[in-house]
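Grab your viewer and work through these exercises. Try each task before you read its solution.

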Amino acid sequence: MIEVSHCDLRYNQAKSQVKVYDNFNLKIEQGESLVLIGPSGCGKSTLLYLLSGLMPPTGGEIQIWGEPVKGTRQKTAFILQEYGLFPWLNVEQNVSLGLRVRHMTKGKYKVLVEDMIQKMGLGEVKHNFPSQLSGGQRQRVALARALTLQPDLLLMDEPLSALDALTRERLQTLLLEIWQEQQLTTVLVTHSIEEAVFLGSRILVLLDGRPTQVVGEILNPLVGQRGYRQTEEFFRKTSYVRSLLERGGLDESAK
Amino acid sequence: MNLRSRILRGKFWGYIGAAIFLVVLWQYAAWSLKNPLLPTPKAAILATARLFEADLGRHFWVSTYRVVLSTLTALLVGLPLGLIMGFERSIDRFLAPLVYITYPIPKIVFLPLILLFLGLGDASKIFLITFIVFFQILVTTRDAVRRVQSETISSLRSLGGNRAQVYRYVLLPASLPDVLTSLRLSMGTAIAVLFFAESFATTEGLGYFIMDSWSRAAPDEMFAGIIMMALLGVGLFIVVDFFDNILCRWQHLKGN
């Protein structure tokens, strides 16, 4: 289990103290696909940074499988907004970077990387640089790089927000497959209500405010079922999430 | 690949065309001025060929070696220091004021002092050029590192990268295009400083050769020196371009 207990995050700004998180608690079960949804600036991304260990909380503790988080973990993969690809590395080098950083020898990582590139359908562009790829391809590279690390926790910050509708749906399905296939614990931040209901086995609705508040928690047990997107239940869940967000004051453009 | 070689061939003919244009302009100027101080291109090229075997080649070599060694030294010191100053705020806070005060001082005014301490040989010239180029590389690298987005660094750290790996995999490649641009600009400065440093109290180098021919009133020989100086500059430019094409290929792709 992942446990965020009594976490505080504060910083000083022009003589006053801003509380982003104040005594925040959250539990995530192994194999869960948790989606965080809420208006811009509500602290969703910050929560990912806290979970990844890139940003330490100013108070409280975060434990992952019983181990307190102190800095980045080997088994946590984090896909940042805008994919976090390195423009000076080609697809192959980007995908293998995580392994190279971990001092794996070329002989060992070459096969792993090649397999992942094929699996993600990037074989034809593996020598291309990020600037030569489409948005969907870039996202696949980011996914491939995260998955080669064989993570037990995958964090994603608005991974599909910059994509066109069709590519987006295709990648949502891919994410769902990966989650189901590997029983991977994932935490995903999104602006899209449909995406939240399509991908999250549990959805947390966060409210803009200092500190961040959880205004709703929706269990979504039917996630991953064939044709879920077309069911009445799916529609009911999206309407519910929408109503929670409207109460919280989500701006129109973000819907 | 085909496109690449076509572009390269186009570039090559562009350079040839530009060279021919300059020679024609020179020829025209020599004809219209009719002044013995400005020899025709033919006279200058013949002098170059004649003198190269004698001692012009040696002077060329000495100058090349001085400017290359100084630039490399400046790069070896300026690049790491620039990376560190750009990334480590605490070190930058301490060093930045020092750089800001010393950067605008024309370092060339220290030449007499440098000659006094390092003597008339290679050391003083190499030191002076290194000193000047070093500052340009330092400031460019530092500013380039500062422009690296924190997300890019977070991305590497989230992959498990430590501090040293942030330098190796993010800061160095991100600043390299700017470093090469500043290196290209520094080449002009380096050669100008080289000429100045070689033009007195020495008996070796193209600067000496040019000033010596001038004082002996041998304009064709002087122009032979100028041609070699120009070739040195162009040659160094091509070397930097070569590294730019290999190391920063991602910068030159369609869509960038």
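Below are two exercises, each with a worked solution.

This is a predicted model, where local features need pLDDT of at least 70, side-chain atom pairs count only at pLDDT 80 or more, and totals for chains, interfaces and linings use all residues. Residues are numbered from 1 along each chain as its sequence is written, with chains lettered from A and ligands numbered from 1 in the order in which they are written.

**Exercise 1.** Work out which helix of chain B gives the most to the side that touches chain A.

*Solution.* Start with the contacts (C-beta atoms, placed from the backbone, within 7 Å): 15 residues of chain B meet 17 residues of chain A. Next, look at helices (DSSP runs of H or I, at least four residues, numbered from the N terminus): H6 (150-158) and H7 (163-198) of chain B each supply at least two residues of that side. The top contributor is H6(B), with 5 residues.

**Exercise 2.** Describe how H6(B) packs on H7(B).

*Solution.* Take the axes first (lines fitted to C-alpha atoms over the stretch in contact, with angles from 0 to 180 degrees between N-to-C directions). They come within 10 Å and cross at roughly 125 degrees. So H6(B) is oblique to H7(B) (under 35 degrees is roughly parallel, over 145 roughly antiparallel, 65 to 115 roughly perpendicular, and the rest oblique). Finally, pick out the residues: Thr152(B), Ile153(B), Leu156(B) and Arg157(B) of H6(B) meet Gln165(B), Val166(B), Tyr169(B) and Val170(B) of H7(B).

Methods:
Two residues are in contact if their C-beta atoms, placed from the backbone, lie within 7 Å.
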